[in-house]
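Welcome to my notebook. Here is what I looked up, entry by entry.

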Amino acid sequence: MLRVAVPNKGALAATASEMLGEAGYRRRHEQRDLTVLDPVNEVEFFFLRPKDIAIYVGSGDLDLGITGRDLALDSGAPVTEVLALGFGGSTFRYAGPAGQEWKPADLHGKRLATSYPRLVREDLKRHGVEAEVIRLDGAVEISIQLGVADAIADVVESGRSLRQNNLVAFGDPICVSEAVLLEREGSAASKAKSQVAARLRGVVFAQQYLMLDYDCPRGILEQAIAITPGLESPTVAPLADDNWVAVRAMVARKAVNQVMDELADVGAKAILASDIRSCRL
Ligand SMILES: Nc1ncnc2c1ncn2[C@@H]1O[C@H](COP(=O)(O)OP(=O)(O)OP(=O)(O)O)[C@@H](O)[C@H]1O
Ligand SMILES: O=P(O)(O)OC[C@H]1O[C@H](OP(=O)(O)OP(=O)(O)O)[C@H](O)[C@@H]1O
Ligand SMILES: [Mg+2]
């Protein structure tokens, strides 16, 4: 039985569970359940704190885990990324009081509060900066105001928390993070692990694409195919009216409106975009 760790709460928990559900795995019914057995797929899921997940996977006690790249790096556990999951995106950044031009070298001799001490110490070392790292569990942005630190390093998503606390980010991002599927470094490949990865890859990919269907006058088919080349090549099917064909192709979600405009401009009609739930490529 494959053992897989999933975030039990926090920023990644809901989407990770939804994604596994889309991939055909059994969902947990009670928020407080710590395990879910999926005998059909021969997987047992363990709902753990996102911060702890890389430790379980790195020790080899669990086969796979979903957590944030930043949390995995901070754990120092020997894990590698099998797949980036395309959600839970954030950057991990230094920040200090606004009204001052900060750069990483200015942190020398300062007190720096963070919930990610290992990540920060390693980055300070790279910059050759010696600072006192103060480990806090959360609400790090308030620590400067309260007098415990001179600057912080924290997760930034929208930047709202920094602005609210009159802080500005500085330096290059220490880490650009998103949710990732992890395995133990150097662990043997297995069919069971590959299957979870393939199913999740299918869901990630499906979320990034849409299926486009449209009717196309035969005379402009070449132009239309150039606009929607699909992955291999689009499906072209005859219509009852010989002058027209139906075309079906996958299109990147980000580009879909522009593609629909271009198709309409060359003369395509009845252009429909629909969601893809999952896929294998
Ligand atoms: N707006 C956000 N706030 C916090 N974490 C985010 C955000 N967006 C993405 N993440 C990612 O989510 C993970 C942190 O998850 P989580 O919120 O569960 O941790 P935590 O803040 O330490 O937990 P908790 O707040 O429950 O103590 C990190 O990988 C982080 O990069
Ligand atoms: O850039 P933003 O969109 O404002 O998001 C980032 C903020 O959200 C997280 O805090 P969280 O709500 O998890 O509280 P915590 O600091 O107690 O973990 C994170 O630690 C930042 O404070
Ligand atoms: Mg949090």
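**Terms.** I count Ala, Val, Leu, Ile, Met, Phe, Trp, Tyr, Cys and Pro as nonpolar, Asp, Glu, Lys and Arg as charged, and the others, Gly among them, as polar. This is a predicted model, where local features need pLDDT of at least 70, side-chain atom pairs count only at pLDDT 80 or more, and totals for chains, interfaces and linings use all residues. Residues are numbered from 1 along each chain as its sequence is written, while chains are lettered from A and ligands numbered from 1 in the order in which they are written.

**Ligand 2.** By those classes, I found 4 nonpolar, 4 polar and 4 charged residues in the shell around ligand 2. A residue is in the shell if its C-beta atom, placed from the backbone, lies within 6 Å. Among them are Gly138, Glu141, Asp154 and Arg160. Helix H5 (160-164) and E9 (151-156) each supply at least two. Helices (H or I, at least four residues) and strands (E, at least two) are DSSP runs, numbered from the N terminus.

**Ligand 1.** Here I noted 16 surrounding residues, with Gly10, Ala11, Gly68, Ser90 and Glu157 the closest. Helices H2 (50-58) and H3 (69-75) are the elements giving two or more residues to this shell. Its classes come to 5 nonpolar, 7 polar and 4 charged.

**Domains.** I looked up the bounds, which come from an automatic or database domain assignment: domain 1 (2-88 + 178-188), domain 2 (90-176) and domain 3 (209-275). Domain 1 and domain 2 each give at least three residues to the shell around ligand 1. The C-alpha centres of domain 1 and domain 3 are 38 Å apart.
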